[in-house]
Amino acid sequence: INGDESRGIHGCVKNGIPAQVAGSIYDEINAFANYAFNKAHSVSYAIVAYETAYLKCHYPREYMAALLSSVLGLAEKVAEYTAECQSLGIRLLPPDVNHSRSRFTVEGDNIRYGLVAVKNIGSKFIDSMVEQRESGGPFASFQDFCERMYGADMNSRALESLIKAGAFDSFGAKRRQLMLIAGQTLDSIADSRRRNVEGQIDLFGGFSGGDGPSSASAVPLPDVEEYSEMERMAMEREVTGLYLSGHPMDAYRDSVRRLGVTSIGAVMSDYAEERETHRFADDQELSFAGVIIASRTRATKNGGLMAYVTLDDGTGSIELLAFQRILDQSGVYMREGSLVIVRARLSIREGKEPQAVVNSLRPMTDIRPDAPRSAGKQESGKLYVRLPSENCREYDRLKLVLTMFPGEQRMVIFFADTRRRVGADCVIHPALVQELKELLGEDNVVVK
């Protein structure tokens, strides 16, 4: 109320708050503390925290399977907990009609994906599938599955979702083959069932027509190429919200890690809960790398354009804001499915998830996919670059490229017209050297 001048505390009275009002506020705080977080609450929380830690330590697979099942339908949470499984050495197995149940389940040392998380697949259908599997044995083929599940809330959309999720991969057929015959297979079974009914009517009612009971003949698999790895992963994300058989970033993990790229999951989890201090700060400049999973543009008040781009790196996703300058420079790369590396400033606003304002964006093809370690080592020495002048367009491009290779090694830039030299910090990565050689020519880029 009256403060403490020795500690630099002015107190309520000196700040213009009457002593009586200040006293009543304190009394309310004190009364609230007596029941808002009393011993009964704190002990209960402590017990839950202890039990949770015990389960995660001693039964990590069962614990993570239950945790994943609790967030079904929340793709970002599933992605976050999937990353945690990987750090614990637990593999998340893809959906499979002969192994999956409705929720995530423990299977050996791994966790099997729950089918409820697949779009267009209802709980009733999954229960029927599990019942059929347990009573009649495992499904022997795609045709066998369709015949035994026909009429159990199964339609073409559900069947295609299972194909896209890879739930039939264990049968050995290509996903493209199954997508091509799915409709024909269902039509063939429907026609077979109709002929069976007609045959029964002929047997008991004397009607003609139909050849008697019959089973549908299997539709032959067409001789076609399988979808590309990127296409399969895109399908998986379409129906589950996740990449299951891999991630488009997998080929670049080590490369981008050496460039000091920040994990999106680390940023998002840092602000997932309210706390006084954070690892990452508003307006902090960071590098991200990932695949664009959504992109849309809208007009700004001044007549320009801005883009909202969602970037996913396998640990989480973040919304990027790109304004006209970036759209002019890199708009061609802002398509869904594009792999990009980004330099951006964090934007932290109360009540909103972290966003990032793009400073530069370029395709991942500008760096090489992961190769043996020896091929990706930083080069030693200094990087010397020769440019025509400080006003040339190549200099602007060079400065943009440098934002993607932050480091503590030295680059020396020589301007031919004035013979002036300037220095810059970078990491002398083979990808940077190659990029500059393609931009400036082999003779104008030297490491020594």
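**Aromatic contacts in close-up**

**View 1. Phe-145 is buried in this predicted model.** Its relative accessibility is 0%, so Phe-145 counts as buried (under 20% relative accessible area; exposed is over 50%, partly exposed in between; 1.4 Å probe, protein chains only). Residues are numbered from 1 along each chain as its sequence is written, and side-chain values use heavy atoms, without hydrogens and water. Local features need pLDDT of at least 70, side-chain atom pairs count only at pLDDT 80 or more, and totals for chains, interfaces and linings use all residues.

**View 2. Phe-142 meets Phe-168 edge-to-face.** The structure holds 7 aromatic pairs (ring centres within 6.5 Å, using the six-membered ring for Trp; planes under 30 degrees apart are stacked, over 60 edge-to-face, the rest tilted). Here the centres are 5.0 Å apart and the planes stand at 85°. Phe-142 lies in helix α7 (residues 142-149), and Phe-168 in the loop between α8 (156-164) and α9 (175-205), so the pair ties together parts 26 residues apart in sequence. Helices are DSSP runs of H or I, at least four residues, numbered from the N terminus. Both Phe-142 and Phe-168 are buried.

**View 3. Phe-145 and Phe-168 also pair edge-to-face.** Centre to centre, the distance is 5.1 Å; the planes make 75°. Phe-145 is in helix α7 and Phe-168 in the loop between α8 and α9, so this pair ties together parts 23 residues apart in sequence. Phe-168 has 1% relative accessibility and therefore counts as buried.

**View 4. Ring pairs build a cluster.** Its members are Phe-125, Phe-139, Phe-142, Phe-145, Phe-168 and Phe-171.

**View 5. The charged end of Arg-296 sits over the ring of Tyr-308.** The distance to the ring centre is 4.4 Å (the criterion: NZ of Lys or CZ of Arg within 6 Å of the ring centre and within 35 degrees of the ring normal). Lys-448 lies over the face of Tyr-384, 5.7 Å from the ring centre.

How values were computed. Helix = DSSP H or I, 4+ residues; strand = E, 2+ residues; numbered from the N terminus.
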